Amino acid sequence: MWRVWQTFNPQRVLTALAVFLFTLAILIHFILLSTERYNWLDGAAPADTTAAVTLDVNASA
């Protein structure tokens, strides 16, 4: 393994790796933001009102 690091400059390799991973992370987040299901900036979709449960407060226990 030490011969690999003699061939490549570790500082450049690790910097390039960090830049690549950051770019990949940003790309994945923008792809998720472009979908309707995983867009967390627009907030959650409004709840379906037909499935709402009403509670009878005056019901005797």
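This is a predicted model: local features need pLDDT of at least 70, side-chain atom pairs count only at pLDDT 80 or more; totals for chains, interfaces and linings use all residues.
**A polar contact between Asn39 and Asp42**

A polar contact joins the side chain of Asn39 to the side chain of Asp42, at 2.9 Å.

To place the pair, begin with the chain as a whole. Its secondary structure consists of two helices and zero strands. The chain has 61 residues, and buried residues make up 2% of them. The accessible surface of the chain comes to about 6200 Å², and carbon and sulfur atoms account for 66% of that surface.

Now return to the two residues. Helix H2 covers residues 10–33, and Asp42 lies in the segment after that helix. Asn39 is also placed in the segment after H2.

Asp42 has a relative accessible area of 64%. The cut-off for exposed is over 50%, and therefore Asp42 counts as exposed.

What else does Asn39 touch, leaving aside its neighbours within four places in sequence? With those neighbours set aside, Asn39 is in contact with Leu32 and Leu33. Helix H2 runs over 10–33, while Asn39 itself sits in the segment after H2.

Conventions. Residues are numbered from 1 along each chain as its sequence is written. Side-chain values use heavy atoms; hydrogens and water are left out. Helices (H or I, at least four residues) and strands (E, at least two) are DSSP runs, numbered from the N terminus. Buried means under 20% relative accessible area, exposed over 50%, partly exposed in between (1.4 Å probe, protein chains only). Accessible areas come from the Shrake-Rupley method with a 1.4 Å probe; for residues, only the protein chains shown count as cover. A polar contact is a pair of N or O atoms within 3.5 Å; within protein, one must be able to donate a hydrogen and the other to accept it, and residues adjacent in sequence count only if both atoms are side-chain atoms. Contact means heavy atoms within 4.5 Å.
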